[in-house]
Amino acid sequence: MKKFLKLLALLLIVAFLYFGFTTYPKLDLISGFSAKSIASGHFIDHRSKELIEKTDNDIKMIDLASNKIDDAGKFATSAVYGLKERKAIYREGLGAVLINDDFDVSKPYLLPKRTKTVNNLPFPYGNNEPKDTLFANVDYTKLKKAVENAFDKTKRTRAVVVLYKDKLIAEKYDTGFNKDSKILGWSMTKSITSSAFGVLAKQGKIDIYKPAPIKEWQNDDRKIITINDLLHMNSGLEWEENYSTICDATKMLFQAEDMGKVQMDKSAQFKPNTHWYYSSGTTNLLSRILRNQFKTQQEYLDFWYSAVIDKIGMNSMIVEQDMSGTFVGSSYGWATPRDWSKFGLLYLRKGNWNGEQILDESWVKYTATPTNTSEGKYGAQFWLNAGGKFPDVPRDMFYCSGYQGQMVAIIPSLDMVIVRMGVREGDKSFDFNGFLKGIISSVKK
């Protein structure tokens, strides 16, 4: 019996040490992810805690968190085994923000001024229900099958929207979701950030080929980094983006007060335009740079919506902020699948929205042109198929892409926009090539 007790004690010590070295350092990030996810999903899209836990938070280690929602106080808290409790608060018009103990929840805050689209136009150029349109060259039976196939239980798709020649030809939602459901685009938000720069460039208020206006860089090698380099993820700045571990990206999203500053403080590892590396920190730095282009915080808040988002009727969209008041341009854009498709349509129409040129056509071309050293897979905050990642999809496709399988695919040669939103882990869990191929093959040229 004594030997058994000694062995048990040894095993407990080993388990404790293993937990201490492997899991404990991650608890702050685990509870941070969970609290933010619960608060945003519940207060922005009115999802239950149980649904969020079973879907959005059904991720290895994140599912260790225990969560609570305070509807009256409009906040959520999460902890792991009672340790490292984190809190995310909700503010109407701004979404949720993960806060630390020093955050002053009583401090007044500004709200972006929104302009809702008011017209009698059907979707997508208005918010009225789309008119039924039948195309002779579309095999609707085949199209329906391709869309329904995406909703196999193992594929965890939440929504599919397909636009063809400015018309809605397919739309489907998973149980519990509908056309009014707001879904987090994750890194698709990066493309929204790029568009804000596109509008400033069109207005002649910024030159992306000049060095980034960051005073902290002026006395070292970073002073030659341009906004163009940052838009292309080609700055050469040090960064690690690996969501399976503690890295720069996870610490930024779930610990930093000023997310743009995290990348700004990194040193240069390579000369600009010589080494492509995907960095969410770079996009949040761009959002910070954009903030500094305006004299006031109110102007900065308003610009994102007045210049792009509300301009094209994405009235459901909310881009959340970090604790410093900067939009988290890398990751935290919420909108309905229909509104995400409107964004794709803006780019399909080369920056023109129902007759108004929101972005210069040259900006859209710039966006979809491969970045040096990216092997044809990346442009200016958009992903590209120029390198043939999806072999059965036209090479001219460029797309917004987000964590857990969010996509807005823009295919100029087919006059088509395809939106897929869902919850999936790993590239093998959802076959995007097969999904896109199935939809494309239903349309005869």
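Predicted model: local features only at pLDDT ≥ 70, side-chain atom pairs only at ≥ 80, totals over all residues.
The strands of an open sheet follow the order β6-β5-β15-β14-β13-β12, and their pairing is antiparallel. At the edges stand β6 (167–173) and β12 (383–384), each of which has a single partner strand, so that one side of each is left without a neighbour in the sheet. Between β5 and β6, which run antiparallel, there are six bridges, and L163 has L168 in β6 as its bridge partner.

Two helices lie across strands of this sheet. Helix α11 (residues 337–348) lies across β5, β6, β13 (398–402), β14 (406–411) and β15 (416–422), and runs at about 145 degrees to β15. Helix α13 (residues 432–440) lies across β5, β14 and β15, with an angle of about 140 degrees to β15.

Strand β2 (residues 75–80) is joined to strand β3 (residues 83–91) by five bridges in an antiparallel arrangement, with S78 standing opposite R86 in β3. The hairpin of β2 and β3 has two residues between the strands, and in this hairpin Y81 takes a positive phi near 55 degrees.

Strand β3 also pairs with strand β4 (residues 95–99), again in the antiparallel sense and over five bridges; here the bridge partner of I89 is V97 in β4. Three residues lie between the strands in the hairpin of β3 and β4, where G93 takes a positive phi near 95 degrees.

In soluble globular proteins, nonpolar side chains tend to be buried together. In this model the largest nonpolar core has 67 residues, and W340 and Y347 are those with the most contacts inside it. Helix α10 (residues 297–309) gives the most to this core, contributing eight residues. A second, separate core has 34 residues, including I169, A170, M233 and I439.

Beyond its neighbours within four places in sequence, Y347 is in contact with S191, S195, L359, W363, V364, T367, F382, F398 and I410.

## Salt bridges

The model has 22 salt bridges. One of them joins E320 to K36, with the closest N and O atoms 2.7 Å apart; because E320 lies in the loop between β8 (318–319) and β9 (333–335) while K36 lies in helix α2 (residues 27–45), the pair ties together parts that are 284 residues apart in sequence. E320 is buried, at a relative accessible area of 0%, and K36 is buried at 4%.

D248 and K266 also form a salt bridge, their closest N and O atoms being 2.9 Å apart. Since D248 is in helix α7 (residues 248–255) and K266 is in the loop between α8 (259–264) and α9 (280–291), this pair ties together parts that are 18 residues apart in sequence. D248 counts as buried at 11% relative accessibility, and K266 is buried at 17%. A further salt bridge, at 3.1 Å from N to O, is formed by the side chains of D56 and R47, and D56 and R47 are buried. A network of salt bridges links E129, E171, K179, D180 and R338.

## The surroundings of R156

R156 is placed in the loop between α4 (140–149) and β5 (157–164), and because its relative accessibility is 26%, R156 counts as partly exposed. Although R156 and V423 are 267 residues apart along the chain, their C-alpha atoms are separated by 5.4 Å.

Apart from neighbours within four places in sequence, R156 is in contact with K54, T55, D58, R420, G422 and V423. The side chain of R156 reaches the backbone oxygen of T55 at 3.4 Å.

Technical notes
Residues numbered from 1 in each chain as written. Heavy atoms only, no water. Helix = DSSP H or I, 4+ residues; strand = E, 2+ residues; numbered from the N terminus. Buried < 20%, exposed > 50% of the residue type's maximum accessible area, 1.4 Å probe, protein only. Contact = heavy atoms within 4.5 Å. Polar contact = N/O pair within 3.5 Å; in protein donor to acceptor, adjacent residues only side chain to side chain. Core = buried A, V, L, I, M, F, W, Y, C linked by side-chain atoms within 4.5 Å. Pairing = 2+ DSSP bridges. Axes fitted to C-alpha atoms, helices over the stretch in contact; angles between N-to-C directions. Salt bridge = Lys/Arg side-chain N within 4 Å of Asp/Glu carboxyl O.
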